[in-house]
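This report is meant for a reader who is meeting the structure for the first time. It moves from charged pairs to a helix, to aromatic rings, and then to the chain as a whole.

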Amino acid sequence: MDRELRRNMTVPFLDNPSYILNEDLVALFTLTCNAFQTTDQLTLLYSMSLYGGSFGELLLALKGYEGPTLILVKHIEKDPTSPEDSKSGSIYVCGGFSSTPWQDELNYQGNNECFVFSLIPKFKKFHALPSQENYTYMNGKKIPNSKYKVGLGFGGTNYDGFRLWIDEDMEKGSYTSTEDQNYEKGSLIDPAIKQLNVRESYVE
C-alpha cells in the first residue's frame, strides 16, 4: 500500500500485538468494510497463541460479545521434503467477518453483510450472495448422531459443506472449500489443500 495514502487514512487501532494483522492489513479491511470505517479500535478476543488451542476457549471468547468480529486463520502448508520438525512452509491466512454477534445455537445466523476472505498471500473478499440465509454458524453442544456439528462455520448447506469451517478439533478437522451457495465463488487458500492445519487463529 502507498505509504503516503496510508499516512492519510484513519484506521482502527490494534489494542494488542497481533501475530497476523498489521496496520497495512487493517487498512485493507478499512477500505472494503463499513464496520472498520466506523470503529476506532480492534479488541483482541481470542488468540490461539495466547489463550490455548481449544475450540472451547474460542467459544467462550465469542459468547456474549455484542459487536462484529473478524476471524483469521493461519495455515502452514509444510514442504513434504522438509524434516518432520521443520516449521518452514507456505503460509496462508484466510477468514471470515461476522457483522452480527455470535450465538451458541443449533441454527444459522448472521446477515448479508458477512463475508469470507483470503488475506495472505493475496487479499480477496467474497461477499454474501443475495436471498441466502446460511451466513454463519456456531455450536458448542455435542449431540450424538446429530447433523449439528460442534464448531464454527461460514456458509454451507444443512450444517455441512461450509465455506470455512473451524472444527472442535481445530488442528485436524478444519477446512475451507472453493464454493457454496451463500458466498461468491473463489479459493480462500490453495484449492489443493483439503484440510486446514490451524497454526494460529485470531478473533478481533
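Predicted model: local features only at pLDDT ≥ 70, side-chain atom pairs only at ≥ 80, totals over all residues.

Lys-141 is partly exposed, its relative accessible area being 35%. Side chains of opposite charge can pair when their charged atoms come close. The structure holds six salt bridges.

The loop between β8 and β9 also contains Lys-142, which is paired with a residue in the loop between β10 (164-167) and β11, namely Glu-168, 26 residues apart. The closest N and O atoms of the salt bridge between Lys-142 and Glu-168 are 3.3 Å apart. Lys-142 has a relative accessible area of 64%, so this residue counts as exposed, the cut-off being over 50%. Glu-168, at 37% relative accessibility, is partly exposed.

Another salt bridge joins Lys-149 to Asp-160, with the closest N and O atoms 2.8 Å apart. Lys-149 lies in the loop between β8 and β9, whereas Asp-160 lies in the loop between β9 and β10, eleven residues apart; this pair, too, links distant parts of the chain. Both partners count as partly exposed: Lys-149 has 34% relative accessibility, and Asp-160 has 40%. Through shared partners, salt bridges join Lys-63, Asp-104 and Lys-141 into one network.

## Helix α5

Helix α5 spans residues 55-62, and its buried residues are Phe-55, Leu-58, Leu-59, Ala-61 and Leu-62. Viewed down the axis of α5, these buried residues fall within an arc of 160°, and they therefore line one face of the helix. The helix is followed by Gly-64, which has a positive phi, near 90°.

## Aromatic pairs

A pair of aromatic rings is described by the distance of the centres and the angle of the planes. The structure has 15 aromatic pairs. One of them is formed by Phe-29 and Phe-36, which are stacked, with 5.4 Å from centre to centre and 20° between the planes. Each of these two residues is buried: the relative accessible area of Phe-29 is 0%, and Phe-36 has 4% relative accessibility.

The ring centres of Tyr-108 and Tyr-137 lie 6.0 Å apart and the planes meet at 55°, so this pair is tilted. Tyr-108 sits in the loop between β5 and β6 and Tyr-137 in strand β8, and the pair links these distant parts of the chain across 29 residues. Tyr-108 and Tyr-137 are both buried. A cluster is also present, in which ring pairs link Phe-29, Phe-36, Phe-97, Phe-115, Phe-117 and Phe-123.

## Charges over rings

Phe-115, a member of that cluster, has the charged end of Lys-125 over its ring, 4.3 Å from the ring centre. Arg-163 lies over the face of Phe-126, with 5.2 Å to the centre of the ring.

## Around Thr-176

Thr-176 is located in strand β11, which covers residues 175-176. Is this residue buried or exposed? Thr-176 counts as buried, because its relative accessibility is 12% and the cut-off for buried is under 20%.

Leaving aside residues up to four places away in sequence, Thr-176 touches Cys-94, Arg-163, Leu-164, Leu-188, Ile-189 and Leu-196. Among these contacts is Arg-163, the residue that lies over the face of Phe-126.

## The chain as a whole

The secondary structure of the protein chain consists of five helices and twelve strands. The chain has 204 residues, of which 47% count as buried.

Of the contacts between residues at least 6 apart in sequence, 58% join residues at least 24 apart.

Terms used:
Residues numbered from 1 in each chain as written. Heavy atoms only, no water. Helix = DSSP H or I, 4+ residues; strand = E, 2+ residues; numbered from the N terminus. Buried < 20%, exposed > 50% of the residue type's maximum accessible area, 1.4 Å probe, protein only. Contact = heavy atoms within 4.5 Å. Salt bridge = Lys/Arg side-chain N within 4 Å of Asp/Glu carboxyl O. Arc of directions from axis to C-beta. Phe/Tyr/Trp six-rings, centres within 6.5 Å; stacked < 30°, edge-to-face > 60°. Lys NZ or Arg CZ within 6 Å of the ring centre and 35° of its normal.
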